[in-house]
Amino acid sequence: MATFQYIAKDSAGNETRGTVEAGDRNSAIAAVRAQGLFPTALGEVRGASAPASAAAAKKKPAKGAPAKAAAPKKGAGMRKEINIKLPSWMRGKVKTKVLTQFTRQLATLVNAGLPLMRGIEVLKRQMKDAQMKEALEGISENIQSGGTFSEALTAYPKIFDNLYVNMVKAGEAGGVLEVVLGRLAEFAEKSEKIKNKVKGAMIYPIVVLVAAIGITVFLLVAVIPKFKQVFNDMLGGAALPAITQFVIDASEWVQHNYITIGIGVVVLIVLKKVFGKTEKGAKFYDWLALKMPVTGTLVQRTAVSRVTRTLGTLLSSGVPILQSLVIVRDTTGNRIVSDALQDVHDAVKEGEGMTAPLAQCWVFPPMVVSMVEVGEETGALAEMLTRIANTYDDEVDNAVAGMTAAIEPALIIVLAVVVGTIVIAMFLPMIKIISSVSGAGA
């Protein structure tokens, strides 16, 4: 028997840790699940105990020799250190593109009539990602040992999350694994598409912002001091225009306080991270992300789309609604939305509907609440949630386009104002110098 240490979640989504004794990994997973827990990580404990037979052999005296008291060993009675050898899949994550491609291909193979085990072997041979290939080898061994596909997936939580595992489990129970795998692939593809659109929309503004900051710093540090020297030589200490004096003062302040500025930026970043790790800080940042003037609408629509699509996909795959709500709650990525879903979970657990707690959260618009209410009344909640997700996917596309159209000219104007102000400030004294030189020459 070996000792396995596990990390698992209960039906309410709370994390728990412990150890179990089992003959192999599959038996350990089964033992954890028998406690009503869902394992998310499991590793074998190395060196937890010494073999009893070896210990007995060392203590056994030679035949005919007098019994000799065993000398106490140094450090006897001290707790032996437990070393857990973490496999590679617990040290990194597989790219979403690789997982989506695997899921889509496996769904195609199973739908074509190929046995699941055979399909995994085919994909394992052609898999180029080392971590994914190692995971497929372990999954194949677990299935050959008598475990189910969903149980084998639980051993790789860094690759297959709770959403993936529970949908596969529901597909196995209903005999529609190929359908569930297809839904998983479609869900991952649409989620990745929205994520890429948002990232793509932010690239240009970030580039322009960085360029504006870089140009401004270069002008203040390298260019303006040279103009200042020219002004002192040509004007003999005469008063400069107000805008020119302001820019020169700003340049001198940056040059004399660049260390303070750097330290201040670092301190602000550290404070932001430290505050963000607290419960109140993380919730504040999530609230702020939803309330930002330009990007808040995009974040809100993306959150609604993700919640409704995930919940609709789980329900249509046969996952119980309470378990589905727990999974969606843990995968939203926003604590304001997670709290709302927890209220929905508690209401459904008490036998109430989803509409009232959803309506109390400002993140979900009245249209979404009304459609959910219709879905509950007609018994087509999964289909209604999918329709909401499709609608909000289109709204996310429109929001991305609108945000890009608004941010690009705004940043260009800001850049033009900053650089233009510096240029004008430097040329006003030059005009005065040219006028004085022309008057002297006449």
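These are my notebook entries on a predicted model of one protein chain.

**Ground rules.** I number residues from 1 along each chain as its sequence is written. Since I'm on a predicted model, local features need pLDDT of at least 70 and side-chain atom pairs count only at pLDDT 80 or more, while totals for chains, interfaces and linings use all residues; side-chain values use heavy atoms, with hydrogens and water left out.

**Overview.** I found 17 helices and four strands in the protein chain. Helices (H or I, at least four residues) and strands (E, at least two) are DSSP runs, numbered from the N terminus. Buried residues make up 36% of the 442 residues. Buried means under 20% relative accessible area, exposed is over 50%, and partly exposed is in between (1.4 Å probe, protein chains only).

**Strand S1.** I looked up Thr3, which sits in strand S1 (residues 2–9). Buried or exposed? Thr3 counts as buried, because its relative accessibility is 18%. Its side chain makes a polar contact of 2.7 Å with the side chain of Glu21. For that term I need a pair of N or O atoms within 3.5 Å; within protein, one must be able to donate a hydrogen and the other to accept it, and residues adjacent in sequence count only if both atoms are side-chain atoms. Skipping neighbours within four places in sequence, I see Thr3 in contact with residues including Thr19, Val20 and Gly43. Contact means heavy atoms within 4.5 Å.

**Helix H1.** Which residues of H1 (residues 25–34) are buried? I noted Asn26, Ala28, Ile29, Val32 and Arg33. They cover an arc of only 160 degrees around the axis, so they lie on the same side of H1. The arc is that of the directions from the helix axis to the C-beta atoms.

Gln35 is in the loop between H1 and strand S3 (38–46). I get a relative accessible area of 46% for Gln35, so it is partly exposed. Leaving out residues up to four places away in sequence, Gln35 touches Tyr6 and Val20. Gln35 and Asp10 are 25 residues apart in sequence, but 9.0 Å apart in space, C-alpha to C-alpha. Also just after H1, Gly36 takes a positive phi of about 80 degrees.

**Helix H11.** Last, I checked Phe284, which lies in helix H11. Phe284 is partly exposed, because its relative accessible area is 37%.
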